[in-house]
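Please read them with the structure open.

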Amino acid sequence: MAFRQKNGAAASSSSISCFSHFCNSAGRAKSLDSSSSRSTSGDGLIRRLGLFDLILLGVGASIGAGIFVVTGAVARDAGPGVTISFVLSGASCVLNALCYAELSSRFPAVVGGAYLYAYTAFNELTAFLVFAQLMLDYHISAATIARSLASYVITLLELSPFFKGHVPNWIGHGGEEFFGGALSINILAPILLALLTIILCWGVGESSMLNKLMTATKVVIVVIVIFAGAFEVDVDNWTPFAPNGFQAILTGATVVFFAYVGFDAVANSAEESKKPQRDLPIGILGSLLICAALYIGVCLVITGMVPYKFLGEDAPLADAFNSKGLKYVSVLISIGAVAGLTTTLLVGLYVQSRLYLGLGRDGLLPSIFAKVHPKRHTPVHSQVWVGIVAGILGGLFNVHILSHILSVGSLTGYSVVAACVVTLRWKDKKGQSSSWISAWLEGVIYLAIVACCGFAAGVLYRYSASFIFLIIMTVIAILACAALCLRHEYADPPGFSCPGVPIVPSVCIFFNIFLFAQLHHEAWIRFVILSIITVGIYAFYGQYHANSSSDETIVYHRAPEEDTQ
């Protein structure tokens, strides 16, 4: 009996010890100083990206084939008011971009993006959760885009009579389905992924050159489309401007918000930027403003050319030009779609590898992800890994059915980044606090209240609840924001400073989580399940291998002299 009691006490003590270790590990955080002193066995990435490269990187990541499709699809419901939808969502993204711009300027020039910011502002487990949510988005998105790119490439090939009607589905058009659609074979998608992965492994200069070429092609085609369509605009088609009321415009804003997602890719290129503290904020905001101008231009043209009721669902812009006898523009749109999808896929794969590199350096993932090629100065192992994952998903599975669980990572990541701006401004401040709670925790609670109110307002709006309840949720969020203003002092950070802290970040959090509530309910389930799995991985691997600080020194490699001039 005594032996059993002793064993029970030992087991209980061991459980408490494991839980205590887990809590201590999960609560670890980087400091701004230590995050600048990490290394990868003497080999680092190369600083080759200038301001122009960063702007094109952001534009390349944001504008894909969607600019030719989503604009018309939303216009069918919002009418010409879809322009206001893009303005509203663009304004929201600008606020998020301001938060990213401050942190990209404030942090040392190392990879990590939202993961690194969360690691410093909050703790290790939060950062790992942010990484997991973002990475699942990236993996599924890369596979989906690769399939779409393969389909557009085949469409272009079929313009030739030699290929017309002779390309089987399993090559690139959708895919050949087996086992009731569980498997969907697509050969071209993995081939395209392999080619882009090779380019990315070869060097950041080479991949940047391809991105510049494709992005320039895409932007030129969009500008041509806007100018060609402008001569066919009938201003009478803009009346009524909002046929279904402002609610349809607001709903449209929640849909087109995701057309702007991608500017955050610039923040993940910090370690390869020539002048990161100066160029990253400009690159983030500049690329976003260019995207907004192009989207709004396309909206005005498409709704002016054809009455919104007659816009097609699958290819509205191409249908609009065909109806005017401008079939050559449809060919340009297909070429622009190929260029747009290529850059979106290229930048997506690039960002994934840099995130894996950051976690490999910190020990949260195996050290093989932290290796950088000594001559190419690229994270080859990480790059090949993300290419393989995307190739398997895109080549064997119909990932389009998973598209409704996307954007969870982007919205949660943007919200965490906004919260990081607030907490880092007052993290070292004593502020005013209650006797039973620290000022830091009190501030985090206020931020959580803002997020919860955003989610509640989103759910109420989604299910058409009384407008009174929306007002109540908004008022509670405003009161929490007011408490943040009154209960804490905020220091001005070095470099670029986000204006209106904590109001601007709080608005970002509220609207991002509001949009999160508009996602399919399966996206909510995905968020919970992936979070549980991530905590499990961290408990069994991450907490024992993570190293949030190190005395090693990062080795930076500047671009050749002729490239920096």
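**Notes on aromatic contacts and a surface patch**

1. Phe-516 has a relative accessibility of 8% and therefore counts as buried, the cut-off being under 20%. The model is a predicted one, and this point and those below should be read as such.

2. Phe-516 pairs with Phe-527: the ring centres are 5.6 Å apart and the planes meet at 75°, so the pair is edge-to-face. Phe-516 belongs to helix H17 (residues 503-516) and Phe-527 to helix H18 (residues 521-545). The two residues are 11 apart, and the pair links distant parts of the chain. Phe-527, with a relative accessible area of 28%, is partly exposed, whereas Phe-516 is buried.

3. How many aromatic pairs does the model hold? The count comes to 24 aromatic pairs. Among them is the pair of Tyr-260 and Tyr-295, which is edge-to-face, with 5.3 Å from centre to centre and 70° between the planes. This pair, too, links distant parts of the chain. Tyr-260 is in the loop between helix H9 (245-256) and helix H10 (276-305), while Tyr-295 is in helix H10, and 35 residues separate them. Both Tyr-260 and Tyr-295 are buried.

4. Ring pairs also build a cluster. Its members are Tyr-100, Phe-107, Tyr-117, Phe-257, Phe-258, Phe-263, Tyr-414, Tyr-461, Phe-511 and Phe-514.

5. Two contacts put a charge over a ring. The charged end of Arg-376 is placed over the ring of Trp-202, at 4.3 Å from the centre of that ring. Lys-30 lies over the face of Tyr-119, and its distance from the ring centre is 5.2 Å.

6. A nonpolar patch on the surface has about 960 Å² of accessible area in total. It is formed by Leu-441, Ile-445, Ile-449, Phe-467, Ile-468, Phe-469, Ile-471, Ile-472, Val-475, Ile-476 and Leu-479. Helix H15 (439-462) and helix H16 (467-487) are the elements that give two or more residues to the patch.

7. Which helix gives the most to the nonpolar patch? Helix H16 does, with eight residues. Leu-479, a member of the patch, is located in helix H16. With a relative accessible area of 55%, Leu-479 is classed as exposed, because the value is over 50%.

Notes. Residues numbered from 1 in each chain as written. Predicted model: local features only at pLDDT ≥ 70, side-chain atom pairs only at ≥ 80, totals over all residues. Heavy atoms only, no water. Patch = residues over 30% accessible without salt bridge, like charges linked within 9 Å, V, L, I, M, F, W, Y side chains within 5 Å. Areas by Shrake-Rupley, 256 points an atom, 1.4 Å probe, with all protein chains shown as cover. Salt bridge = Lys/Arg side-chain N within 4 Å of Asp/Glu carboxyl O. Helix = DSSP H or I, 4+ residues; strand = E, 2+ residues; numbered from the N terminus. Buried < 20%, exposed > 50% of the residue type's maximum accessible area, 1.4 Å probe, protein only. Phe/Tyr/Trp six-rings, centres within 6.5 Å; stacked < 30°, edge-to-face > 60°. Lys NZ or Arg CZ within 6 Å of the ring centre and 35° of its normal.
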